[in-house]
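Thanks for coming. I will take a few minutes to walk through one model, starting with some helix packing and then moving to the backbone and the confidence scores.

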Amino acid sequence: MQVLIVIVVPLLLSALAGPAAAETIYVSNEQDNTVAVIDGATMTLSATIDVGRRPRGLALSADKKILFVAEGDGNRIDVVDLAKRQIVGQLPTGADPEFFVVHPDGKRLFVANENDNLVSVVDIAAAQVIGTVDVGVEPEGMAVSPDGRYVACTSETSSMVHLIDAGSLELVDNLLVDTRPRAAAFSPDGKRLWVSSEIRGTVTVFDTLTRAQTGKVQFEVQGIRREGVQAVGIEMSRNGGTAYVALGPANRVAEVDTGTLAVRRLYLVGQRPWHVALSDDQKHLISANGNSGDISFIDLENDEVLKSLPVGRGPWGVVVGP
Amino acid sequence: MKRRHALRALNGIFHRELLRTLRQRGRLVSAMVRPLVWLAIFAAGFRSVLGLSTTPPYQTYVLYEVYVVPGLAAMMLLFHAMASSLAMVYDREMGSMRLLLTAPLPRWYLLGARLLASVVVGLPLVYLFLVVARYWDVRPPMLGYLAVLPALVLSGLMLGAFGLLVSSLSTQMENFAGVMNFVIFPMFFASTALYPLWRLAEAGPVLATVAMLNPFSHAVELIRFALYLRFTPISFLVVLACLLVFFLAAVVGYDPGRGLWSRRGDQ
């Protein structure tokens, strides 16, 4: 009986504490050339899908049945059928695609070509590049406004964020940000644009209408020197009230109040988190930890890290699908 | 052995143990301050700001403060057990132990009651420490505080039995300073209380082996796992086996008829 209790009680508790919704988490393993498939309910690794060389950026198609994976060294995007869990096609992208976004129209991808200082626009159905936009040196982070009007691209070496008109593919504006901008994210209402700076360890917030800087988020982790705190991936909550920022070598993910721009709390995760993603019910956050080869599950209702799960070498991007 | 008689003896022993512990204010305070000093100063100085690698029962990276708390709870039990066996030596020198052992009850029963009383009296402080540790963000699941109770009692009994054995071997109170040096410190430092086994293995395979064989490590791990609602059968069995061995040896040791006690009496 006692043995039974000892076995059953923890199981029951972990079941209660774990993500309830049936979700699947996809993580790109940069050094393994795989995408790890994780069952969100049990927080276990259920499969790995072989993809092309140096996969980093990930995104789901509009119907969430297809996963696009940018092959940094393969110079293309793999199209992965999530039901079959295998590559069913490829899209051209231009050289060294690192990160990309799916336009809300569901028909186009906007891809940052790191070595060519370009943003390539890819037609998914036709599987061809239908346009390019010249941007700054080493473009990396990509974001698209919720109304689909603007695409933002950060360039690491120019320390700029470029605003591109998604219709005319014209460069609309270039905004100076802190050194080595990594990621960009629009607020759900489209009024704010957040850009993270890796070297300065800050996030700069812009008004998308006036393009003026409206604030800056500073991060501080007690006991870690300032250079060790680097801001990388950003994820916004659906209601726009909270932003989550991965702090790289500080091994932390910060929860930021978007109104006051104050850091509410820091979560200790694995080593060097690159990107973070929210579960569909917004109750869990998953970080892909590049150096420790694992992902961390954060329970946002109880403000605690539940589990870190090894997924492969060099986890980089993370998305949550059905 | 009549039940009523046995219960009355048990009650008397509990009462005496409780009174004695409550009257030693200094000991109570130092029992509380000791783990807090470790937690607030030692753990803070130990660089773990980037998190310790995932070690069971933890499912993710933890700060050093989180890691060290179960070890410090076990340390409280260890010190309590040793202080209690020091009191035993004192009792023996003062003659009250002789008096107790002349009661018409089996020796194992009297020593067992004394052991249990000492452990139970020491538990509230351990719980107080676990509650205070929440201030350092050491927050195990609420049910963990309940699950850890049997682990604390069993570990406390095992360490207490070890204390009984030590006190049955030491001839006089002065020897007890040696117990500190040769028992408490090695037991505490060469265990998984302060460092995870992988860290000890990095320092040297010998140290890791010693820690693995150290019953105190198993007491620490039993407490650590229980606090996070997990069960470790190996540590459970090791602690249980050590409890039985130490207790039996202590019972034999305290037997004036044939144990070490009589041998000492001859000298």
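In chain B, helices α6 and α10 cross in a right-handed sense. Keep in mind throughout that this is a predicted model. The axes of α6(B) and α10(B) are 7 Å apart, and the angle between them is about 165°. An angle over 145° counts as roughly antiparallel, and α6(B) and α10(B) are therefore roughly antiparallel to each other.

Who makes that contact? On the α6(B) side the residues are B:Gly144, B:Ala147, B:Val148, B:Ala151, B:Leu152, B:Leu154, B:Ser155, B:Met158 and B:Leu159. On the α10(B) side they are B:Pro215, B:Ala219, B:Leu222, B:Ile223, B:Ala226 and B:Leu227. By class, the contact of α6(B) with α10(B) has 13 nonpolar residues, 2 polar ones and no charged ones.

Now to another partner of the α6 helix. Helix α6 of chain B covers residues 142-169, and helix α11 of chain B covers residues 233-253. The two pack at an angle of about 30°, with their axes 8 Å apart. That makes α6(B) roughly parallel to α11(B). The crossing of α6(B) with α11(B) is left-handed. Among the α6(B) residues in this contact are B:Leu154, B:Ser155, B:Met158 and B:Phe162, and among those from α11(B) are B:Val239, B:Leu243, B:Phe246 and B:Ala250. The contact of α6(B) with α11(B) divides into 16 nonpolar, 3 polar and no charged residues.

Next, α3. Helices α3(B) and α6(B) pack with their axes 8 Å apart, at an angle of about 35°. The crossing of α3(B) and α6(B) is right-handed. From α3(B), the contact residues include B:Ala74, B:Leu78, B:Ala81 and B:Ser85. From α6(B), they include B:Leu152, B:Ser155, B:Gly156, B:Gly160 and B:Gly163. Which classes of residue does the contact of α3(B) with α6(B) have? There are 12 nonpolar and 7 polar residues, and no charged ones.

While we are on α3, look at B:Glu65. B:Glu65 is in helix α3 of chain B, which runs over residues 64-94. Is B:Glu65 buried or exposed? B:Glu65 counts as buried, because 21 C-beta neighbours lie inside 10 Å, and 20 or more is enough for that label. Leaving aside residues up to four places away in sequence, B:Glu65 touches B:Leu39, B:Ala43, B:Trp136, B:Asp137 and B:Val138. One of these, B:Asp137, is 72 residues away along the chain, and its C-alpha atom is 8.1 Å from that of B:Glu65.

On to the loop between α2 and α3 of chain B. B:Pro57 is in this loop, and the peptide bond from B:Pro56 to B:Pro57 is cis, with omega near 5°. B:Ser53 lies in the loop between α2 and α3 as well. With 16 C-beta neighbours inside 10 Å, B:Ser53 counts as partly exposed.

Two residues go against the phi rule. B:Leu229 is not a glycine but has a positive phi of about 60°. B:Leu229 lies in the loop between α10 and α11 of chain B, and is buried, with 22 other C-beta atoms within 10 Å. In chain A, A:Met43 is not a glycine either, and has a positive phi of about 55°. A:Met43 is in the loop between β2 and β3 of chain A. A:Met43 counts as buried, because there are 21 C-beta neighbours inside 10 Å.

Last, confidence. For the complex, the predictor gives an ipTM of 0.75 and a pTM of 0.83. Chain A has a mean pLDDT of 90, and 93% of its residues reach 70 or more. Over residues 10-20 of chain A, though, the pLDDT is below 50, and this stretch has 16 contacts in the model beyond near neighbours in sequence. Chain B averages a pLDDT of 84, with 90% of the residues scoring at least 70. Within chain B, confidence is highest in helix α10, residues 215-227, at 95, and lowest in helix α12, residues 260-266, at a mean of 52. Where pLDDT is low, the predicted coordinates should not be read in detail.

Methods. Residues are numbered from 1 along each chain as its sequence is written. Chains are lettered from A and ligands numbered from 1 in the order in which they are written. This is a predicted model: local features need pLDDT of at least 70, side-chain atom pairs count only at pLDDT 80 or more; totals for chains, interfaces and linings use all residues. Helices (H or I, at least four residues) and strands (E, at least two) are DSSP runs, numbered from the N terminus. A residue is buried if 20 or more other C-beta atoms lie within 10 Å of its own, exposed if 12 or fewer, and partly exposed in between; C-beta atoms are placed from the backbone. Two residues are in contact if their C-beta atoms, placed from the backbone, lie within 7 Å. Axes are lines fitted to C-alpha atoms, for helices over the stretch in contact, and angles run from 0 to 180 degrees between N-to-C directions. Angles under 35 degrees count as roughly parallel, over 145 as roughly antiparallel, 65 to 115 as roughly perpendicular and the rest as oblique. A crossing is left-handed if the near helix is turned anticlockwise from the far one by less than a right angle, and right-handed if clockwise. Ala, Val, Leu, Ile, Met, Phe, Trp, Tyr, Cys and Pro count as nonpolar, Asp, Glu, Lys and Arg as charged, and the others, Gly among them, as polar. pLDDT is the predictor's confidence in each residue, from 0 to 100.
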